[in-house]
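Reader: Before we discuss any detail, could you show me the model and take me through how to read its features one by one?

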Amino acid sequence: MASLKDQLSGLVYSTEKGALCPQCSESVDACICAELDDQSRLEGLDGIVRIRRETSGRKGKGVTTITGIPVPEAELKALSKKLKKTCGTGGALKDGVIEIQGDHREKLKAVLEKDGFTVKLAGG
Ligand SMILES: [Zn+2]
């Protein structure tokens, strides 16, 4: 019997393979769905990093979102950590989009350009 936590995470169990990926039914250790998702995300990018401020439905200064960063998930995580630290604020990483709390467009643009990215400020 799978534990409640595993049931909630949508994993299926097999006696031979252990926890199975619900997407490809492979053992989670052998599953490459995450890599494939990451690959298709990267293939859809045009190499331009877009920074946008979003205030709709949010309080105060809203958030700054950074989309289109052409690096793998693991590097995105490290980058999002670094950017939060640089701005001294919180943030999140979701579906390849980095969200930084507050309006830090100019600062983020400078940091990303220093890292060698092509950056465009988009929207208002
Ligand atoms: Zn899978």
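What follows is a dialogue that moves from confidence and overall layout to the sheet and then to one helix.

Author: This is a predicted model, and confidence is therefore the place to begin, since pLDDT is the predictor's own confidence in each residue. The mean pLDDT of the chain is 88, and 86% of its residues reach 70 or more.

Reader: Where in the chain is confidence lowest, and where is it highest?

Author: The lowest mean, 59, belongs to helix α1 (residues 4–8), whereas helix α4 (residues 105–114) has the highest, at 97.

Reader: How many helices and strands does the chain have, and in what pattern do they follow one another along the sequence?

Author: There are four helices and seven strands, and read along the sequence they give the pattern α-β-β-α-β-β-α-β-β-α-β. As for contacts, among those with a separation of 6 or more, 45% are between residues 24 or more positions apart. Buried residues make up 31% of the 124 residues.

Reader: What is the order of the strands in the five-stranded sheet?

Author: The sheet is open, its pairing is mixed, and its order is β5-β6-β4-β3-β7. The edge strands, each of which pairs on one side only, are β5 (91–94) and β7 (118–122), and the twist from one strand to the next averages 20 degrees.

Reader: How many bridges join β3 to β4, and how many join β4 to β6?

Author: Strand β3 (residues 48–54) and strand β4 (residues 63–67) run antiparallel and are joined by five bridges, with R52 having T65 as its bridge partner in β4. Between β4 and β6, which also run antiparallel, there are four bridges, and the partner of T64 in β6 is I100.

Reader: Which residues of β6 lie on its covered face, and which on its uncovered one?

Author: The general idea is that in a regular strand the side chains alternate between the two faces of the sheet. In β6, I98 and I100 form the covered face, while V97, E99 and Q101 form the uncovered one.

Reader: Which strands do helices α3 and α4 lie across?

Author: Helix α3 (residues 73–87) lies across β4, β5 and β6 (97–101), and runs at about 15 degrees to β6. Helix α4 lies across β3, β4, β6 and β7, running at about 165 degrees to β3.

Reader: What span should the 15 residues of α3 have?

Author: At 1.5 Å a residue they should span 21 Å, and because the end C-alpha atoms of α3 are 21 Å apart, the expectation and the model agree. After α3 comes G88, whose phi is positive, near 60 degrees.

Reader: Which residues of α3 are buried, and which are exposed?

Author: An α-helix has 3.6 residues a turn, so residues three or four places apart point the same way. In α3 the buried residues are L76, L79, S80, L83 and C87; they cover an arc of only 105 degrees around the axis, which means that they lie on the same side of α3. On the other side of α3, A74, K77, K81 and K85 are exposed.

Reader: What covers the buried residues of α3?

Author: The cover includes α2 (33–43), β4, β5, β6 and α4.

Definitions and conventions: Residues are numbered from 1 along each chain as its sequence is written. This is a predicted model: local features need pLDDT of at least 70, side-chain atom pairs count only at pLDDT 80 or more; totals for chains, interfaces and linings use all residues. Side-chain values use heavy atoms; hydrogens and water are left out. pLDDT is the predictor's confidence in each residue, from 0 to 100. Helices (H or I, at least four residues) and strands (E, at least two) are DSSP runs, numbered from the N terminus. Two strands pair if DSSP finds at least two bridges between them. Axes are lines fitted to C-alpha atoms, for helices over the stretch in contact, and angles run from 0 to 180 degrees between N-to-C directions. Contact means heavy atoms within 4.5 Å. The expected span of a helix is 1.5 Å times one less than its number of residues. Buried means under 20% relative accessible area, exposed over 50%, partly exposed in between (1.4 Å probe, protein chains only). The arc is that of the directions from the helix axis to the C-beta atoms.
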